[in-house]
Amino acid sequence: FTGHTEIPILKARRENDAWTFERSGFVRVDEKHQIANFADHCNECGNCDVFCPEDGGPYRVKPRFFGRKEFFEASSADGVYIERTADCELVLGRFEGIVRRLEARQGTMLFEGPAFRVTFAENDIERTFAGDATNEVDLTWFGILNVLRRAVLSPNDVNWVSCLWEKSR
């Protein structure tokens with residue numbers, strides 16, 4: 001993540017026996033460094049609001065990262081859990097109460113959520129897209145989860161999540 005990134009707003013839907021794709025702009029992220037809430041250490045007391053350089057109470061408005069999968073699964077709060085194993089990078093994201101799952105394995109993506117399970121190549125989504133869905137698949141969420149995965153697991157930066165992964169190696 002180099003300072004600003006544009007994530008395409010991309011939706012896929014099944015028409016007859018083929019997938020069609022609709023692009024309608026971008027979600028833009030302008031700041032390279034983002035402040036997030038490490039959910040495993042937060043009791044929502046509000047003390048961070050006094051020291052945070054940004055407005056709005058970080059425990060309420062900043063993205064939550066969970067360091068343990070059990071904490072993510074036990075919580076109903078929106079947030080993200082990321083892990084790396086020898087053959088897979090996993091991202092679980094809950095936004096507005098809806099959980100989506102991304103598994104990255106050597107450039108092949110498995111993306112699933114309510115009423116869909118699809119696979120595709122990271123660098124050629126439209127030509128390699130396959131799977132099942134009962135409704136439209138909003139791939140914008142894939143883009144968001146994938147940007148988070150690449151940024152958080154970047155070998156060039158250290159953060160709470162990457163430190164946890166390094167410790168468990």
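Predicted model: local features only at pLDDT ≥ 70, side-chain atom pairs only at ≥ 80, totals over all residues.
**Ground rules.** I number residues from 1 along each chain as its sequence is written.

**Entry 1, overview.** I looked up the elements and found six helices and 11 strands. Both are DSSP runs numbered from the N terminus: H or I over at least four residues for helices, E over at least two for strands. Of the 169 residues, 36% count as buried. Buried means under 20% relative accessible area, exposed over 50%, and partly exposed in between, with a 1.4 Å probe and protein chains only.

**Entry 2, the sheet.** I noted that strands of a sheet pair through backbone hydrogen bonds, either parallel or antiparallel. Here I count two strands as paired if DSSP finds at least two bridges between them. Eight strands form an open sheet in the order β3-β4-β5-β6-β7-β8-β9-β10, with mixed pairing. β3 (37-38) and β10 (130-133) stand at the edges with a single partner strand each, so one side of each has no neighbour in the sheet. Helix α5 packs on this sheet and touches β4 (64-66), β5, β6, β7, β8 and β9. Its direction makes about 55° with that of β7. A contact is heavy atoms within 4.5 Å; the axes are lines fitted to C-alpha atoms, for helices over the stretch in contact, and angles run from 0 to 180 degrees between N-to-C directions.

Is β6 mostly covered or mostly open? I found it mostly covered: seven of the seven residues in 89-95 are buried. E89, V91, G93 and F95 point one way from the strand, and L90, L92 and R94 point the other way.

I then checked the partners of β6. Strand β5 (residues 79-84) runs antiparallel to β6, joined by six bridges, and Y81 stands opposite L92. Four residues lie between β5 and β6 in their hairpin. On β7 (residues 98-105) I counted seven antiparallel bridges with β6, where R100 is the bridge partner of G93. The β6-β7 hairpin has two residues between its strands, and E96 in the turn has a positive phi of about 50°.

I searched the whole structure and got eight aromatic pairs. Rings of Phe, Tyr and Trp (its six-membered ring) pair if their centres lie within 6.5 Å; planes under 30 degrees apart count as stacked, over 60 as edge-to-face, and the rest as tilted. F95 and W141 are stacked, at 4.7 Å centre to centre and 25° between the planes. F95 lies in β6 and W141 in α5 (residues 140-152), so this pair ties together parts 46 residues apart in sequence.

Which kind of pair do F111 and F142 form? Their centres are 6.0 Å apart and their planes at 65°, so I logged the pair as edge-to-face. F111 is in β8 (residues 108-113) and F142 in α5, so this pair ties together parts 31 residues apart in sequence. Both count as buried, F111 at 0% and F142 at 4% relative accessibility.

R94 lies over the face of F72, at 4.2 Å from the ring centre. The test asks for NZ of Lys or CZ of Arg within 6 Å of the ring centre and within 35 degrees of the ring normal.

Note on methods
Heavy atoms only, no water.
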